[in-house]
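Hi there,

Here is the structure I promised to pass along. Have a look at it first, and then read on for my notes.

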Amino acid sequence: MSEQQKTVLVVGGGFSGLTAAVETAEAGFNVVIIEKTPFLGGRVTQLNKYFPKLCPPNCGLEINFKRIKNSGDISFYTLAEVEKISGQEGNYDVTIKQNPRFVNDKCVGCNACNEACPVEMPNEFNFGLDKTKAAYITHNQAFPFKYVLDSKNCKGKSCAKCVEACKYDAINLDMKPEAVNLKVGAIVFATGWDLYDVTKLDLLGGGKIKNVITNMQMERLASPNGPTSGKILRPSDNKEVNNIAFVQCAGSRDENHLPYCSYICCMASLKQATYLREQYPDSKVQIFYIDIRTPGRYEQFYWKVKEDPNVTLTKGKVAKVEEDPATGDVLLTVEDVLLGKKITAKFDMVVLAAGMVPSTRTSKIPTDISYTNDGFVVPASLKKGMFAVGTLKSPVDVSRSVQDATGVAIKSIQSVRRSI
Amino acid sequence: MAEATVIKPDLDFVKGVIEGGGDSLKKCYQCATCTVVCNVTPEDHPFPRKEMVWAQWGLKEKFAGNPDVWLCHQCNDCTAHCPRGAKPGEVLGAIRKQTIKQYSSPSFLANLVSSKGLVWLVFLIPALLLGAILSVDGTFIPNEEEIKFSYFAPTLTIQAVFVPALTFGLLVGVLGLMKFWADMKKAAGVTSGDLGGSISATAKEILSHVKFKSCGVSADRFTSHFLVFYSFVMLGIATALGVLYIDIMHMESPFRFGYGTPVKIFGLIGAIGLLAGVFLMISNRFKNAEKVGIGSYFDWLLITIVGVIMASGILSWVMRVAGIAGVAYTVYFIHLVFVLSLFLYLPYSKLAHMFYRSAAICFLKYSGREKK
């Protein structure tokens, strides 16, 4: 069997893609990972802690990065996207577009370019909670630990302040997008998920009210490498948050938005309740829900959080969110279903437990695949030798994505061997 | 342990709600979005979330003497925002239909009006009744050259049929209202209150249509209901003036005075207002149809009756003025049949909301439940 035929392409360098890649490579096959963003690790890198062990992202990610570095069989492209796929199982021709990083392998991560860069832009990694420079690295654990110049915001040669500042000759403003052709035996799609656009939730004030944030923004606020170095402060005035509300099903289980349960948002809010409770001993948390959904053994975590007298769980979906313009506090209106009364309550900050949207809802894979109305991949429609992992098929948590990716590794190995 | 509560579901009630336009009932998963987006619900005892679960479970007794379903003005903000397509606004409409059926007697008439399959009989009865009475003199289409509706239907005959019909409708409605009122008092444990003050406050609320103004997605319901409501008031005044001219002043219709006189002014404005109002009501239903649906049989029965009254009223006048006798008399007959239907079925059709909604609004004030 040729080396090309032995190669599995993994599209997406998040936790699923990395798992599929290392499992496949460690069984003796070549793997190429391509990742759209400048860094590997995906959504997990943006979390403060993740289920089931509630450890920070580098537990889990670090070992996978190490496995990639140690394996001679894995290569990866960041800032790369699939442009074209042709061929069939065992013999796929894939054209990828390698976008320029403008930073080469000489980068040591000294941060001089960042300091010299005059261009500020919203920090996408922190979901716009702060700003970053056009020469940047997302966080201190980023992999590869190489800076990147944002092609949309960088002024290029007309500025070039970073080039002057870099002592290592690591910046090259002449880099251009390149097409790379790969020959692979099988393809694993692991392009993950996006957060539902909360500005569509007009009843919930998403994107309009300063102190109404998303659950992913809450992860960044609590994360030691986030915009507030892990201190949970509300966006409008950096006040400590002592009184927080979580609005469950922000988009999910709603035929007007996402007609499915996003699986993990209830657990995420319960988890985030503990972030606040651990940080501020007198803080109060109220979670407004339709049903608290705790898949499988997560139920026990729910019991634990529920025992905290400062955590209140209120049955009733929030459908009105207003800002108190004088204080920046947030007013929620909800029917407390168990009381049978319509109540309005005031909070320092409100977290919308926004749902999960498959990345394929907006960016379709350039090959013939069927999708559900919501953009999930219909697995049966994939050609032989193509596989979809994790949140591309249904909203799931990290551990189930990992299990799925491990299963897909063996499937892709079988596929490659079949076509010898 | 607390005493066990035995739930006795009334499956016929559930079936009635489902068949009456509430077929989306079972989709509700009790998230309470509806209650929050509703601008007309009171904050204590808010609706429609609790009504949805009561109706799902067939807890018919919860609706006896319950004013809340009648506080709903069917703006359908709840339906527009419902995450499950459970259409609380439509379900509450179907529950109200059940309440109307429950409170209005005799029950065979209530069943007749609420049964879609019997729609032919609904109109056949007044048509036969009126046909029989009018054909007593033997000439159905008069031979005289001038078109006079009184040739066809003598004023006295009209009064002898329509006054008792309206009296019957109003009486049955008021009886139902009184039963409902007693049930509301019993359910709320209220024994006394300021009835006079509550009635005048209720009249003010109804006349100003203030509740309709808070509707969100269907804000134009205010306009359509306002037009239909006040057009009926105008037409009622015109009718009263007609009675005055004929019975007191002994004039003969059609009155030989110009269009600038009160009876004509009220009649014309009423007719035009009704035309606009009914048109708006129908077009609004189609405008919101994607999310709400176009409404139930019960809704459309009333729209049809009012619409045909309006259209046949205008057309018979036009035909009379144009001198086309055959059409004028036929259309006038249809007009009479539908007006008779409106009167006879007043307490059984959706129009009965005038009794129950007024009573519910009044009870809220009477019982002191409404926050000042």
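Before the notes on domains, one definition: the domain bounds used here come from an automatic or database domain assignment. Please also keep in mind that this is a predicted model.

**Domains of chain B**

With that in hand, chain B divides into domain 1, residues 11-103, and domain 2, residues 107-366. Their C-alpha centres are 27 Å apart. Across the boundary, 27 residues of domain 1 of chain B are in contact with 34 residues of domain 2 of chain B. On the domain 1 side, the elements that each supply at least two residues are α4 (68-71), α5 (77-81) and α6 (88-103) of chain B. Of these, α6(B) gives the most, with ten residues. Sorted by class, that side of domain 1 has ten nonpolar, eleven polar and six charged residues.

**Where the chains meet**

Chain B also touches chain A, and the contact is made by 19 residues from chain B and 17 residues from chain A. On the chain B side, two or more residues come from each of α2 (33-37) and α3 (49-56). The most come from α2(B), which gives four residues. The chain B side of this contact is made up of seven nonpolar, seven polar and five charged residues.

Which strands pair with β14(A) in the parallel sense over five bridges? One of them is β15 (residues 284-289) of chain A. In that pairing, Asn243(A) has Lys284(A) as its bridge partner. To get from β14(A) to β15(A), the chain passes through helix α6 (residues 265-279) of chain A, and this β-α-β crossover is right-handed. Another is β20 (residues 349-354) of chain A, again parallel and again with five bridges to β14(A). There, Ala245(A) stands opposite Val350(A).

If you open the model, you could start with β14(A) and its pairings with β15(A) and β20(A), then move to the domain boundary in chain B, where α6(B) gives the most residues on the domain 1 side.

Best wishes

Definitions and conventions:
Residues numbered from 1 in each chain as written. Chains lettered and ligands numbered in written order. Predicted model: local features only at pLDDT ≥ 70, side-chain atom pairs only at ≥ 80, totals over all residues. Contact = placed C-beta atoms within 7 Å. Nonpolar A, V, L, I, M, F, W, Y, C, P; charged D, E, K, R; others polar. Pairing = 2+ DSSP bridges. Right-handed = clockwise from strand over helix to strand, strands pointing away.
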